[in-house]
Amino acid sequence: MSGWLLLAIPLGGLGAVVRVLATQAGETRLPGGAPTATGLVNVVGAALLGLVAGWGGDPAVLVLGGGLLGGMTTFSTWMVEADEAARTGRTRTALLIVALPLVLGALAYAAARALA
Amino acid sequence: MSVRAPDAADAGPGRHVLLATLVGGMAGTALRLGVAEAVPALWATLAVNLAGALLLGVLYERLREHRLGRSGAWSALGPGLCGALTTFSALQLEAVDLARDGSWKGALLYLAASLCLGLPAAALGRRLGRAGA
């Protein structure tokens, strides 16, 4: 196992901690609560990955991209939060939970990548 | 009540929650990077994302009390393991880079496959979790 990989793993754990702190802070303070916080973390993570991919070489993409930002952003929580909204009859909310981060995340990544 | 009890949500997550998230997040990251070493990029991300959505769906139901109580077990396995096993940033990188390379169709197909399989995976996980509870 390469040394970079050993650095990426604890950073991934740290990314998860950042996400949990952000979710907990956003749960009560953001409109829409936890799904808004998850979406924000995901879009910010995609933007940061755009910068890393534009500026950094392979080790940076592995350590910061695969480690920190991979751990910080999440697909599973995104899907479960959308499912929860859909199951409780909030179809429009479910669509927003899916579509907004999808579009904003792609734009944020592309813009940051172009900037870098 | 004359004295207002401190609100747990205002106090932020406890140290045991953050430690559990850190440990679970490290395990999830190690798994994701391990799969990425073994499987070509798009397939690796798709595989960990779908597996993580399914597993989180199961845990969401099975660990319901733990989740509502923000226990260490839920923090380690849910936001920690499943959260870090799956990734949104790599999904966007791979999709946008496909589009940048001229394969718009590939990018859209990849995103559509992730969502059209990811949402049912989460829903199936929840159904399995409820059935086994």
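The largest nonpolar core of this predicted model has 72 residues, a nonpolar core being a set of buried Ala, Val, Leu, Ile, Met, Phe, Trp, Tyr and Cys residues joined through C-beta atoms within 7 Å. A residue is buried if 20 or more other C-beta atoms lie within 10 Å of its own, exposed if 12 or fewer, and partly exposed in between, with C-beta atoms placed from the backbone. The residues with the most contacts inside this core are A:Leu49, A:Met79, A:Tyr109, B:Ala53 and B:Leu56. Two residues are in contact if their C-beta atoms, placed from the backbone, lie within 7 Å. Leaving aside its neighbours within four places in sequence, B:Leu56 is in contact with A:Ser76, A:Thr77 and A:Val80 in chain A, and with B:Gly78, B:Cys82, B:Ala122 and B:Gly125 in chain B.

Residues are numbered from 1 along each chain as its sequence is written, while chains are lettered from A and ligands numbered from 1 in the order in which they are written. Since the model is predicted, local features need pLDDT of at least 70 and side-chain atom pairs count only at pLDDT 80 or more, whereas totals for chains, interfaces and linings use all residues.

Chain A has five helices and zero strands. Helices (H or I, at least four residues) and strands (E, at least two) are DSSP runs, numbered from the N terminus. The C-alpha trace of chain A spans about 45 × 30 × 25 Å along its principal axes. Of the 116 residues in chain A, 57% are buried. Among its contacts between residues at least 6 apart in sequence, 69% join residues at least 24 apart. The mean pLDDT of chain A is 96, and 99% of the residues score at least 70; pLDDT is the predictor's confidence in each residue, from 0 to 100. Among the elements of chain A, the lowest mean pLDDT, 95, belongs to H1(A), and the highest, 98, to helix H4 (residues 76–87).

Helix H3 of chain A, residues 58–72, has a kink of about 30° centred on A:Gly65. The bend at a residue is the angle between axes fitted to the seven residues ending there and the seven starting there. H3(A) is mostly covered, with 12 of its 15 residues buried. Among these buried residues are A:Val61, A:Leu62, A:Gly65 and A:Met72. Their cover includes helix H1 (3–29) and helix H2 (34–55) of chain A, together with H2, H5 and H6 of chain B.

A:Pro101 is placed in helix H5 (residues 91–115) of chain A. A:Pro101 is buried, with 25 other C-beta atoms within 10 Å. Its C-alpha atom is separated by 7.1 Å from that of A:Asn42, 59 residues apart along the chain. Beyond its neighbours within four places in sequence, A:Pro101 is in contact with A:Gly39, A:Asn42, A:Val43 and A:Trp78.

Chain B has seven helices and zero strands. The radius of gyration of chain B is 18 Å, well over the 14 Å that the globule rule gives for 133 residues, so chain B is more spread out than a compact globule. The radius of gyration is taken over C-alpha atoms, and the globule rule is 2.2 Å times the number of residues to the power 0.38. Along the principal axes, the C-alpha atoms of chain B fill a box of roughly 65 × 30 × 30 Å. Of its 133 residues, 46% count as buried.

Two residues of chain B can be taken in turn. B:Gly24 lies in helix H2 of chain B and counts as buried, with 29 C-beta neighbours inside 10 Å. Apart from neighbours within four places in sequence, the contacts of B:Gly24 include A:Ala16, B:Ser75 and B:Gly80. B:Arg70 is in the loop between helix H4 (64–68) and H5 of chain B. B:Arg70 has a positive phi of about 50° although it is not a glycine, and it is partly exposed, with 19 other C-beta atoms within 10 Å.

Between the chains, 46 residues of chain B are in contact with 43 residues of chain A. The largest share of the side of chain B that touches chain A, 13 residues, comes from H2(B). The residues of that side divide into 27 nonpolar, 17 polar and two charged. Here Ala, Val, Leu, Ile, Met, Phe, Trp, Tyr, Cys and Pro count as nonpolar, Asp, Glu, Lys and Arg as charged, and the others, Gly among them, as polar.
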